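Look at the structure first, then read on.

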Amino acid sequence: MVPPSATYRFPTVHISCPCDESIAITPKSPTKPGAPAVPEEDPDESEEETFDPRAPRSNFSLFPLDNLLYCEDCKQIRCPRCVHDEIVCFFCPNCLFEVPSSTVKTDGNRCTRNCFSCPICFASLVVAPTGEGQAGPYILLCNHCLWSSGEIGIEFEKPTSIAAQLAEKLKPPALARASSGSFTSPLSPMSASSEGYFPSTGAPTIITPDDEEDKRELSPEERFIGLKAHYAQQKAGAGADEYGSSPGALSRLMGLISGLGSGSRSRSFGRGIGGFSNIGGKGKVEWTEWDAVKGIGDDEEELVERIKEIGFAGTTNKEQRIAQNHQPRFIQDLRPLATILRTKRSKRCRACRHILVKPESKPTTIRFRIKLVAMNYIPALSISRLDPTTFNYSALTPLSTHQFLLTITNPLFDPINITLATPAKTPGSYPSTVTILCPTFEVGANTDVWDEALQTTANTPTAAIKKGRKTGMLIGTVWDLGRNWTTVVIELVPPLLPLPGELDEDGDELATEDDRLVQVPVSVRVVYETDLERDDGGLGKEAKEKREHTYWSVLGLGRISEKMPTTAVEDVAGPSAARPTSLVSIAGKGVAGRGGAREEAGESRANRHSVR
Amino acid sequence: MPPKQTKGEYIETDTGNKVSRKSVILGSQNIILGGKTIIQADCTIRGDLRRTVAPGQNSGNVAIAVGRYCFLSRSSVLRPPGRTHQKTFSYYPMKIGDHVFVGEGCVVEAALIGSYVHIAKDCVIGKFAIIKDCVKIEEGTVIAPNTVIPSFSLVSGRPGVVIDELPETAQEGLECRSPNHLMRSIR
């Protein structure tokens with residue numbers, strides 16, 4: 001079991017989702033349940049090409065098994081790239097209240113209760129009383145870095161509905177000039193909520209080009225209100241579904257919004273609006289040019305002065321700045337951040353539109369109505385070291401044989417036949433030699449979860465071999481097997497890489513850090529017979545159906561050490577010390593097992609013998 | 001179960017909890033362990049820090065309730081959170097669900113930890129933090145007091161913030177399943 005804390009610790013097992021080859025967007029004719037399953041691809045075809053884990057595209061198709069879903073209708077793995085997400089509910093991750101989607105539309109995707117996070121360290125803020133005996137005024141206090149809203153001069157009269165109070169306090173007209181960075185509502189600029197908070201500043205804030213003479217800088221709210229009023233006006237003229245359906249209108253809208261974001265300090269915005277609003281109704285919009293790039297203006301000089309005054313410590317860092325709507329330069333201008341809502345999403349197969357995941361809509365529950373995850377359908381691979389003692393996965397000794405145990409666990413309720421295939425040399429400029437000692441074997445059915453657990457408490461793990469069913473005669477080829485798992489041995493001979501710092505003629509490193517990672521592509525072919533599913537749930541004869549599934553997985557076995565091989569003996573001595581009897585059986589029958597390997601490299605054998 | 005040595009490292013309770021003799025358990029009458037929970041050496045569990053009650057009132061409060069299949073690694077500390085409310089300082093009960101793993105050297109002062117929570121080593125869970133089900137907390141995270149972590153979150157950093165969502169399989173992945181595996185590791 002890989003410790004869950006290890007995010008990228010060797011060994012890793014990733015599974016390739018074939019969605020980039022068989023473009024999942026083209027809908028497949030859904031196979032009727034009950035009809036014999038058609039294999040996704042012609043097995044001969046898929047086996048011809050070796051999956052290259054180093055190909056640039058592979059990064060996008062490799063996922064841990066946990067992240068994969070499985071579509072029962074397509075009989076195919078589905079990765080996060082080939083599913084559609086649909087929002088089931090919005091909720092605030094802090095107060096865990098569900099927010100109706102209509103509220104999200106009107107109030108924006110932020111919590112409108114008392115949930116804020118610290119603008120300095122992003123921990124959540126609490127409402128704390130500053131007065132005597134739990135009395136007001138109240139502040140928002142960060143329990144982690146002890147920032148408080150008092151530092152920016154904001155206090156609240158009552159401890160409830162902080163969001164509304166804050167919006168009231170940050171009302172632009174009264175304070176717009178107080179500091180050069182303007183104030184913001186806690187809601188995103190995309191939201192439409194400002195109307196409720198700034199009812200007095202409505203349509204009149206639409207800026208005409210004349211206003212450019214005015215030195216006063218517009219706050220994002222004012223811009224937003226102007227924009228909103230403008231759209232309300234235009235929408236009224238254009239008819240309600242103009243924005244919903246017309247892609248042109250939408251792109252215009254998006255263009256305007258993104259333009260607003262990038263040129264947030266540009267005064268020319270007023271002109272844009274002015275030019276824009278001339279054309280009411282359905283007419284096409286002509287864009288007016290924006291002002292040229294601004295030089296250092298008065299406000300920038302002011303900023304420079306302020307930095308001189310406050311010092312570097314008073315400025316915001318990148319994260320702090322980006323998190324805020326108005327992108328303030330100074331810590332003084334930071335505002336508490338209203339918590340962004342989170343969603344629960346259901347997922348659909350992109351090819352056949354069947355639902356793969358459907359969570360219950362209550363925010364706090366972790367149950368799923370539908371959950372078709374790949375780990376319940378395809379066998380799981382796990383890697384461990386044959387000799388686990390004193391072994392470092394991130395420093396594999398070059399040119400010596402490393403033996404790993406590859407365990408295949410069957411989640412299905414039918415026994416499965418596994419065929420493993422791997423290229424004798426891993427892809428890449430410095431190939432490692434890989435041999436799977438037993439490439440074809442059977443894995444038992446997944447029966448009751450506690451069967452094994454109850455048995456193994458009493459017995460030693462080796463007792464499991466005795467329980468081996470049909471595979472009992474093949475003992476020695478498979479390393480070990482249990483109720484629904486089988487372990488085989490993989491041998492790896494890493495190449496000797498040039499030392500870091502060794503350069504070729506072009507001055508590039510001969511072996512990059514990437515080359516040092518051993519990534520072994522393994523094709524796993526699963527064949528099993530299962531009871532035929534029936535539409536009518538009828539009784540009929542017991543029909544069996546043969547199913548097949550092939551997928552590529554990539555085993556990250558470790559990292560090749562920079563050190564030269566000093567002694568190659570340790571590797572052989574290790575396993576024999578751990579399990580003397582079994583090793584003999586492997587050494588004796590290993591050759592037969594290797595003969596079964598689909599691709600056998602003669603030199604790898606020579607290599608191994610030389611090591612021993 | 002093989003016959004125990006007379007003086008093993010672990011004391012096993014009727015419900016299958018295993019508590020190291022080298023752990024420090026204070027106020028054990030205020031602690032509930034759900035069963036099959038393992039408490040390793042050098043753990044400190046402060047069951048004595050319970051709610052202050054007026055004299056004469058029933059003081060049968062539970063300070064710490066731990067569910068089933070939990071695992072407290074070496075040198076972890078469970079401490080009920082306390083605060084001053086209406087001029088009296090009081091501790092509040094701490095509730096921990098099932099399948100909760102607490103890594104080495106963690107200090108936990110949460111008010112509530114749901115089920116299927118993995119706390120990697122060297123974490124600090126601040127006072128009155130609420131951690132919902134299916135949450136993974138990465139190594140060295142410091143969760144600020146009063147933080148709420150929703151389900152299916154991956155938390156990291158100082159202060160701990162949600163950096164990612166966990167996949168739908170989180171529950172299976174975070175299960176302190178294979179209790180035998182854990183049992184074997186401590187035998």
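Which residue stands opposite Ile38(B) in strand 8 of chain B? The residue is Phe71(B). Keep in mind that this is a predicted model.

**The nine-strand sheet of chain B**
- Nine strands of chain B make an open sheet with mixed pairing.
- Their order is 1-2-5-8-13-16-19-22-23.
- Strand 1 (10–12) and strand 23 (161–165) of chain B are the edge strands, and each pairs on one side only.
- Strand 5 (residues 38–39) of chain B pairs with strand 8 (residues 71–72) of chain B in the parallel sense, over two bridges.
- Strands of a sheet are held in pairs by backbone hydrogen bonds, either parallel or antiparallel.

**The six-strand sheet of chain B**
- Another open sheet has six strands in the order 4-7-12-15-18-21 (chain B).
- Its pairing is parallel.
- The edges are strand 4 (31–35) and strand 21 (148–149) of chain B, each pairing on one side only.
- Strand 15 (residues 112–113) and strand 18 (residues 130–131) of chain B share two bridges in the parallel sense.
- Ile113(B) has Ile131(B), in strand 18 of chain B, as its bridge partner.

**Where chain A meets chain B**
- Chain A gives 26 residues to the contact, and chain B gives 30 residues.
- On the side of chain A that touches chain B, two or more residues come from each of strand 13 (368–371) and helix 13 (449–458) of chain A.
- Helix 13 of chain A provides the largest share of that side, three residues.
- By class, this side of chain A has 14 nonpolar, nine polar and three charged residues.

Terms used:
Residues are numbered from 1 along each chain as its sequence is written. Chains are lettered from A and ligands numbered from 1 in the order in which they are written. This is a predicted model: local features need pLDDT of at least 70, side-chain atom pairs count only at pLDDT 80 or more; totals for chains, interfaces and linings use all residues. Two residues are in contact if their C-beta atoms, placed from the backbone, lie within 7 Å. Helices (H or I, at least four residues) and strands (E, at least two) are DSSP runs, numbered from the N terminus. Ala, Val, Leu, Ile, Met, Phe, Trp, Tyr, Cys and Pro count as nonpolar, Asp, Glu, Lys and Arg as charged, and the others, Gly among them, as polar. Two strands pair if DSSP finds at least two bridges between them.
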